[in-house]
Amino acid sequence: MPPISPQERPEQRRGQRLLFVGLLFAVLLNFPFLGVFNHDARLAGIPVLYLYVLLAWIALVLATGWLVRSTKN
């Protein structure tokens with residue numbers, strides 16, 4: 001296997017970080033965590049489960065954007 005050039009290292013690191021973020025959010029949006037928020041409570045009129053999924057999705061978008069921009073150069 002040839003050595004990795006310095007230009008490829010940031011790309012590889014970015015890919016690993018994005019994979020980690022994707023797996024983290026796959027876990028966060030799976031049954032054990034969704035089950036914690038699946039009850040009849042409401043916060044500001046919004047069901048807690050919907051609010052959790054919305055906030056997790058927003059966090060995924062922000063984390064992905066931040067990782068892509070911060071490791072660009």
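**Entry 1: salt bridges.** I searched the whole structure and found one salt bridge. I kept in mind that this is a predicted model.

**Entry 2: the pair.** Which side chains meet in the salt bridge? I noted Glu11 and Arg14, with 3.0 Å from N to O. I also looked under polar contacts. There, too, the side chains of Arg14 and Glu11 are joined, at 3.0 Å.

**Entry 3: where the pair sits.** I looked up the helix next. Arg14 lies in helix H1. Helix H1 covers residues 8–28, and Glu11 and Arg14 are three residues apart in it, so about one helical turn separates them.

**Entry 4: cover.** Is Arg14 buried or exposed? I read a relative accessible area of 15% for Arg14. Buried means under 20%, so Arg14 counts as buried. Then I checked its partner. Glu11 has 47% relative accessibility, so I wrote it down as partly exposed.

**Entry 5: a nonpolar patch.** Which residues make the nonpolar patch? I listed Leu54, Leu55, Trp57, Ile58, Val61 and Leu62. The patch comes to about 590 Å².

Entry 6: Val61 is found in helix H3, which runs over residues 48–70. Its relative accessible area is 43%. A patch residue needs over 30%, so Val61 passes that cut-off. I filed Val61 as partly exposed.

Key
Residues are numbered from 1 along each chain as its sequence is written. This is a predicted model: local features need pLDDT of at least 70, side-chain atom pairs count only at pLDDT 80 or more; totals for chains, interfaces and linings use all residues. Side-chain values use heavy atoms; hydrogens and water are left out. Patches are made of residues with over 30% relative accessible area and no salt bridge: like charges are joined within 9 Å, nonpolar side chains (Val, Leu, Ile, Met, Phe, Trp, Tyr) within 5 Å. Accessible areas come from the Shrake-Rupley method with a 1.4 Å probe; for residues, only the protein chains shown count as cover. A salt bridge is a side-chain nitrogen of Lys or Arg within 4 Å of a carboxyl oxygen of Asp or Glu. Helices (H or I, at least four residues) and strands (E, at least two) are DSSP runs, numbered from the N terminus. Buried means under 20% relative accessible area, exposed over 50%, partly exposed in between (1.4 Å probe, protein chains only). A polar contact is a pair of N or O atoms within 3.5 Å; within protein, one must be able to donate a hydrogen and the other to accept it, and residues adjacent in sequence count only if both atoms are side-chain atoms.
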